[in-house]
Amino acid sequence: MKLCFPTVDNRGMESQVHQHFGTAPFYTVIDTDHEDPASRIVKNDNANYHFGRCQPVQVVIDCGVSAVLVRKMGRKAVEKFNAAGVQVYMIDTFAVIDALRDFKTGGCKLLLLDHACHGQT
């Protein structure tokens with residue numbers, strides 16, 4: 001299973017999770033089908049956009065992810081991921097490695113539209 005995390009840096013499993021999906025400088029994709037999870041780093045070329053004016057969702061979908069784990073995400077992005085069959089989960093931790101552990105143990109909840117950020121993607 002491929003999971004995506006919006007991150008502040010490009011250190012793979014050692015990366016810190018960015019506060020908001022759309023403005024993250026990087027997206028770290030972790031493939032959990034391997035005993036030692038492999039990671040792919042995708043640079044967000046639109047990290048300095050105004051909310052609602054870039055399209056990072058398609059870049060992440062094109063990576064073949066099954067789920068995105070975020071601290072915050074806008075409604076439009078949640079809708080786009082849901083339409084593509086990608087589940088979005090809320091996390092409380094700041095490190096990718098901790099969020100991955102929480103996900104594997106069932107500690108992450110689905111991000112519903114009611115809990116998404118309004119007016120942001």
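This is a predicted model: local features need pLDDT of at least 70, side-chain atom pairs count only at pLDDT 80 or more; totals for chains, interfaces and linings use all residues.
Residues are numbered from 1 along each chain as its sequence is written, and side-chain values use heavy atoms, with hydrogens and water left out.

The protein chain contains three helices and six strands; helices (H or I, at least four residues) and strands (E, at least two) are DSSP runs numbered from the N terminus. Read from the N terminus, the order of elements is β-β-β-α-β-α-β-α-β. The chain has 121 residues, 49% of which count as buried. Here buried means under 20% relative accessible area, exposed means over 50%, and partly exposed lies in between (1.4 Å probe, protein chains only). Where contacts (heavy atoms within 4.5 Å) join residues at least 6 apart in sequence, 51% of them join residues at least 24 apart.

Leaving aside residues up to four places away in sequence, Lys2 touches Val29, Ile30, Asp31, Cys63, Gly64, Val65, Ser66 and Ala67. Lys2 is partly exposed, at 31% relative accessibility.

The interior can be described through its nonpolar cores, each a set of buried Ala, Val, Leu, Ile, Met, Phe, Trp, Tyr and Cys residues joined through side-chain atoms within 4.5 Å. The largest has 20 residues, and Phe21, Val60, Val65, Val68, Met73 and Phe81 touch the most other members. At least two residues of this core come from each of S2, helix H1 (56–61), S4 and helix H2 (75–83), and H2 supplies the largest share, three residues. Not counting residues up to four places away in sequence, Met73 touches His20, Phe21, Val68, Val78, Phe81, Val88, Leu111, Ala116 and Cys117. A second, separate core of 14 residues includes Met13, Val17, Phe103 and Cys108.

The structure also holds three aromatic pairs. Rings of Phe, Tyr and Trp (its six-membered ring) pair if their centres lie within 6.5 Å; planes under 30 degrees apart count as stacked, over 60 as edge-to-face and the rest as tilted. The pair of Phe21 and Tyr27 is tilted because the planes of the rings stand at 35 degrees, with the centres 4.9 Å apart. Phe21 is buried at a relative accessible area of 0%, and Tyr27 is buried at 1%. Tyr89 and Phe103 form an edge-to-face pair, 5.1 Å centre to centre and with 80 degrees between the planes. This pair links Tyr89 in strand S5 (residues 87–90) to Phe103 in helix H3 (residues 96–104), 14 residues apart. Ring pairs also link Phe21, Tyr27 and Phe81 into a cluster.

Phe103 leads on to helix H3, where Val96, Ala99, Leu100, Asp102 and Phe103 are buried. These residues lie on the same side of H3, because they cover an arc of only 160 degrees around the axis; the arc is that of the directions from the helix axis to the C-beta atoms. Their cover includes strand S1 (2–7), strand S2 (26–31), strand S4 (67–70) and S5. Just after H3, Gly106 takes a positive phi of about 80 degrees.
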